[in-house]
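Dear colleague,

I am passing on to you the structure we spoke about, with the sequence alongside. My notes on what was found in it follow below, and I would be glad if you read them with the structure open.

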Amino acid sequence: MKPIQVGLMGIGTVGSGTFNVLQRNQGEIRRRAGRGIEITMVADLDMERAKSVVGGAARVVKDAREIIANPEIDVVVELIGGYGIAKQLVLEAIAAGKHVVTANKALLAVHGTEIFQAAADKGVMVAYEAAVAGGIPIIKSLREGLTANSIQWLAGIINGTTNFILSEMRDKGLDFDVVLKEAQRLGYAEADPTFDIEGVDAAHKVTLMSAIAFGIPVQFDKAYVEGITGLAATDIRYAEQLGYRIKLLGITKRTDKGVELRVHPSLVPSKRLIANVEGAMNAVVVHGDAVGTTLYYGKGAGSEPTASAVVADLVDIARLADAEVAHRVPPLAFQSHTLEGAMGSLPVLPMSEVVTSYYLRLRVSDEAGVLAKVTGLLANAGISIDAVLQREADEVGGEGSTQTDLIILTHETREGNMDAALAEIQALPTVLAKINRIRKEELN
Ligand code: NDP
Ligand code: HSE
């Protein structure tokens, strides 16, 4: 069978990994795919760097539209990133009848509905394994391996940069900025690292997983997004003392009222496997009604781990390009006409409707009755307390200090209920600073 011809747009971190993996393993890949997969054109703004990666093995151009215009190219691999030119190129490639592989979670989480529709209209595939959790085949697992299940929830460490930062801060006591620079040097961080540290990148990924898990459209605009910039080293330490680790989790959950879709730092019991995922590693826990809980672990970023997923998509396309459209796996796992509309029976819930438990840190006056007042207000709101930790004032503020930290773990309650209780507690004259609230997930 004629080799499938691929045009690569953007040969930076992931693009160069893709080129190298495909070159190195081409023999085995051909035996698996049943035909050769050849990158015959590469487009990059930096043509000299591109040429240094590909040697003479592919034609290098500056203008990615030359790839789209080439009738010999069957598949376009978009590894530029962002929503700007990447979106235009992907839509133009689809319009030209090319299959598309992309690692661009930002693009698909925000414009996925338009892109998947355009691909369906044209009868081409859009594959995006590398967009979520890098080298971990989580899209394939959710879309195919777990297809028998009614998925109940999933939770993942799906941003390597923030997990690397949290791990290094905890283990080595390094400063946030130092660790972020190292993550950038290692090629984990996005072009704009605020996407990593503010939770946006994780929200892009969990939005895609939510759509596949529950058969709903991609709805990034409905995701609750909170990053790690508000986390204090003190909270990491107190969490450890209480038997928890703090991780930035992307969570999506099916409930009676709809779907929870959220990213925020979370306390996770230290004994859970996912709590022990360190450095830039990623992990996703998925709970299906038939299979129970499953865990997927691996490198979520970096040149060749991500390339591993890009090349796997190319193999899928090489196998299915000539198949009937109806025989392909739908991009969002469910047949597109069966996706629940945004107003269907599975709406994405506002954060006020999310039910979870909490870690609260209060800086309070070290005087009699403070704890009773705070716990009384929580009890009035129907919020049950799981554990309380009160530090010695001297330990918190130095010798003779009149302030201390009160740490409270609660049982589950509705976020809206917690908001109202915290507003009352915050107004107490004995509460001396903004209350720090971190959600807690037992994941059992
Ligand atoms: P890089 O910045 O390393 O690479 C992007 C490349 O695209 C650069 O070489 C850039 O050139 C080139 N480029 C920019 N504009 C154009 C254009 N108009 N035409 C052709 N080439 C262009 O990014 P990454 O490889 O890190 O990321 C690529 C995608 O993969 C992104 O969507 C990212 O989110 C995703 N991803 C990245 C992972 C990682 O570990 N890095 C993991 C998973 C997904 P120049 O440098 O000259 O601007
Ligand atoms: N910036 C992302 C991360 C790259 O740190 O996980 C992988 O998507």
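Three residues lie between β11 and β12, which form a hairpin. Please keep in mind throughout that this is a predicted model.

Turning to the open sheet, you will find six strands with parallel pairing, in the order β3-β2-β1-β4-β5-β6. Its edge strands are β3 (59-61) and β6 (126-127), each of which pairs on one side only. Strand β5 (residues 99-102) runs parallel to β6 and is joined to it by two bridges; valine 101 has alanine 127 of β6 as its bridge partner. Helix α13 (residues 303-320) packs on this sheet, where it touches β1 (4-9), β2 (37-43), β4 (75-78), β5 and β6, and its direction makes about 165° with that of β5.

A further group of strands can be described from β13 (residues 355-365), which is largely enclosed by the rest of the structure, because nine of its eleven residues are buried, with under 20% relative accessible area as the criterion for burial. The pairings of β13 are as follows:

- With strand β15 (residues 403-410), β13 runs antiparallel and is joined by seven bridges; here the bridge partner of valine 364 is threonine 404.
- With strand β17 (residues 436-440), β13 is joined by five bridges, again in the antiparallel sense, and tyrosine 358 stands opposite arginine 439 of β17.
- With strand β16 (residues 413-414), β13 pairs over two bridges, also antiparallel, and valine 355 has arginine 414 in β16 as its bridge partner.

There are also two ligands to look at. Which residues are the closest to ligand 1? Of the 23 residues that surround ligand 1, the closest are Val14, Asp44, Arg49, Glu190 and Gly302. Several polar contacts to ligand 1 come from the backbone: an N or O atom of the threonine 13 backbone lies 2.9 Å from an oxygen atom of the ligand, a polar backbone atom of valine 14 is 2.8 Å from an oxygen atom of ligand 1, and for glycine 302 the corresponding distance from a polar backbone atom to a ligand oxygen is 2.7 Å. Taken alone, ligand 1 exposes 900 Å², of which the protein buries 79%.

Around ligand 2 the residues include Lys105, Asn159, Tyr188, Glu190, Asp196, Lys205 and Ala301, and the helices α8 (160-172) and α11 (200-214) each supply at least two residues of this shell. For aspartate 196, a polar side-chain atom lies 2.7 Å from a nitrogen atom of ligand 2. Ligand 2 exposes 260 Å² when taken alone, and the protein buries 94% of that area.

With best regards

Notes. Residues are numbered from 1 along each chain as its sequence is written. Chains are lettered from A and ligands numbered from 1 in the order in which they are written. This is a predicted model: local features need pLDDT of at least 70, side-chain atom pairs count only at pLDDT 80 or more; totals for chains, interfaces and linings use all residues. Side-chain values use heavy atoms; hydrogens and water are left out. Two strands pair if DSSP finds at least two bridges between them. Helices (H or I, at least four residues) and strands (E, at least two) are DSSP runs, numbered from the N terminus. Contact means heavy atoms within 4.5 Å. Axes are lines fitted to C-alpha atoms, for helices over the stretch in contact, and angles run from 0 to 180 degrees between N-to-C directions. Buried means under 20% relative accessible area, exposed over 50%, partly exposed in between (1.4 Å probe, protein chains only). A residue is near a molecule or strand if one of its heavy atoms lies within 4 Å of it. A polar contact is a pair of N or O atoms within 3.5 Å; within protein, one must be able to donate a hydrogen and the other to accept it, and residues adjacent in sequence count only if both atoms are side-chain atoms. Accessible areas come from the Shrake-Rupley method with a 1.4 Å probe; for residues, only the protein chains shown count as cover.
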